[in-house]
Amino acid sequence: MKKALKIFGITLVSVIILVALVISTVLWLVFTPERLTPIVRNVANEYVKCEHHIGKVELTFFSTFPHFGLAIDSLIVVNPTSGAPSDTVAYIPQAVVSVDVMAFLNEKTLSIPTLSLPNLQANIYVAADGTANYDVLALPTDTTAEDTTSTALPFEQIKVGELVISAQSLCYMTVPDSISATLRNTSITANIDNWDDIQASFRAEDVTATIGKTTYAQGMTFEAHLPAAVDMERMRVTLHNAQLAANTLGLSLNGWVEAGDTLQTNMRLTLNDWQVDSVMPLLPI
């Protein structure tokens, strides 16, 4: 009996693998990079209103198993803005994303098993008149009367199995607020099982931040681990023992922040053991 079950199990697994190989081969023949790349570029042309470039686009299966996904080889967004340190808003050498289509159709769930953006570079700039270089999307215009009572999302839940973003450099500058910041070797990871269970982590090295003529950070390292729950109707974010650290100085946060008509918060902050010689470098220059 055990031998029969073992044979059946091996046979079943073999059939599943064979079917997966056949399906992936057929899709690869149908959706070759030569056919898929123009489709993605045409869609991008409809929604991205500034200069942009998309490299080769190909279908993935084994790297995003058991879901199909897309791998984009280079994405560049260019939006020249007067005063900006660079015309390039974002450069993404490679992007891999997969979506569980059946979960969206059957369960109203936006399920993204994989989203990987390695080694990106971004330059965010807001000019004195409020013009932002990241304003690059041409969203469809709704001619119907605006409903100010609520905003309905096309999905009820969101799940992100593996989100991994790494950045060589991130630059942020806003002239109206006199804020300038740069971050190096930044990494962001997240796992979102649903709105009530969000696990996100952040780390950035060589951080420099200036407000006006005062430098608040120079060559620092920041880390954060943010277990959170989000109430979309109330626009409330609840933190559960979130951990933040600047260099070797850490603290924890518990409580909530709600962005309604007014910003409300109820947060408890607990400091770790801080040494005077470690605090001194954090004082504004």
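Contact here means heavy atoms within 4.5 Å. This is a predicted model, in which local features need pLDDT of at least 70 and side-chain atom pairs count only at pLDDT 80 or more, while totals for chains, interfaces and linings use all residues. Residues are numbered from 1 along each chain as its sequence is written, and side-chain values use heavy atoms, with hydrogens and water left out.

**Figure 1. His225 and its contacts.** His225 is found in strand S9. Strands (E, at least two residues) and helices (H or I, at least four) are DSSP runs, numbered from the N terminus. Leaving aside neighbours within four places in sequence, His225 is in contact with Gln199, Ala200, Ser201, Ala242 and Gln243. Ala242 is 17 residues from His225 in sequence, and their C-alpha atoms are 5.7 Å apart. His225 has a relative accessible area of 31%, so it counts as partly exposed. Buried means under 20% relative accessible area, exposed means over 50%, and partly exposed lies in between (1.4 Å probe, protein chains only).

**Figure 2. Glu223 in strand S9.** Strand S9 spans residues 214-231 and holds Glu223. Which residues does Glu223 touch, not counting those up to four places away in sequence? They are Phe202, Arg203, Gln243, Leu244 and Ala245. Asn247 is 24 residues from Glu223 along the chain, and 8.1 Å separates their C-alpha atoms. Glu223 counts as partly exposed because its relative accessibility is 37%.

Figure 3. Strand S7 covers residues 179-194, with Thr186 among them. Is Thr186 buried or exposed? Thr186 counts as buried, because its relative accessibility is 3%. Its contacts, leaving aside neighbours within four places in sequence, are Ile165, Ser166, Ala167, Leu170, Phe202, Arg203 and Ala204. Asn185 also lies in strand S7. Asn185 is partly exposed, with a relative accessible area of 47%. Most residues other than glycine have a negative phi. Phi of Asn185 is positive, near 45 degrees.

**Figure 4. Asp206 in strand S8.** Strand S8 runs over residues 197-211, and Asp206 has its place there. Asp206 is not a glycine, yet its phi is positive, at about 50 degrees. Its relative accessible area is 39%, so Asp206 is partly exposed.

**Figure 5. Leu249 in strand S11.** Leu249 has its place in strand S11 (residues 249-259). Leu249 is buried, because its relative accessible area is 4%. How far apart in space are Leu249 and Asn272, C-alpha to C-alpha? The distance is 7.1 Å, for two residues 23 apart in sequence.

**Figure 6. Arg236 over Trp256.** The charged end of Arg236 sits over the ring of Trp256, 3.8 Å from the ring centre. The rule asks for NZ of Lys or CZ of Arg within 6 Å of the ring centre and within 35 degrees of the ring normal.

**Figure 7. Ser74 in strand S3.** Ser74 is found in strand S3. Its relative accessibility is 14%, so Ser74 counts as buried. Leaving aside neighbours within four places in sequence, Ser74 is in contact with His53, Ile54, Gly55, Ile92, Pro93 and Gln94.

**Figure 8. The largest pocket.** About 800 Å³ of space lies in the largest pocket. A pocket is an open set of points on a 1 Å grid over the protein atoms alone, where a 1.4 Å probe fits, with protein on both sides within 12 Å along at least five of seven lines; lining residues have an atom within 4 Å of a point. Grid points are joined across faces, edges and corners, and the volume is the space filled by probe spheres set on the points. The lining has 23 residues, of which Val40, Ile72, Leu75, Val97 and Leu137 lie nearest the pocket centre. Two or more lining residues come from each of helix H2 (33-47) and strands S1 (51-54), S3 (69-78), S4 (88-98) and S5 (109-126). Which element gives the most to the lining? H2 does, with five residues. The lining divides into 22 nonpolar residues, one polar and no charged. Ala, Val, Leu, Ile, Met, Phe, Trp, Tyr, Cys and Pro count as nonpolar, Asp, Glu, Lys and Arg as charged, and the others, Gly among them, as polar.

**Figure 9. The protein chain as a setting.** The protein chain has four helices and twelve strands. Of its 285 residues, 30% count as buried. Among contacts between residues at least 6 apart in sequence, 47% join residues at least 24 apart.
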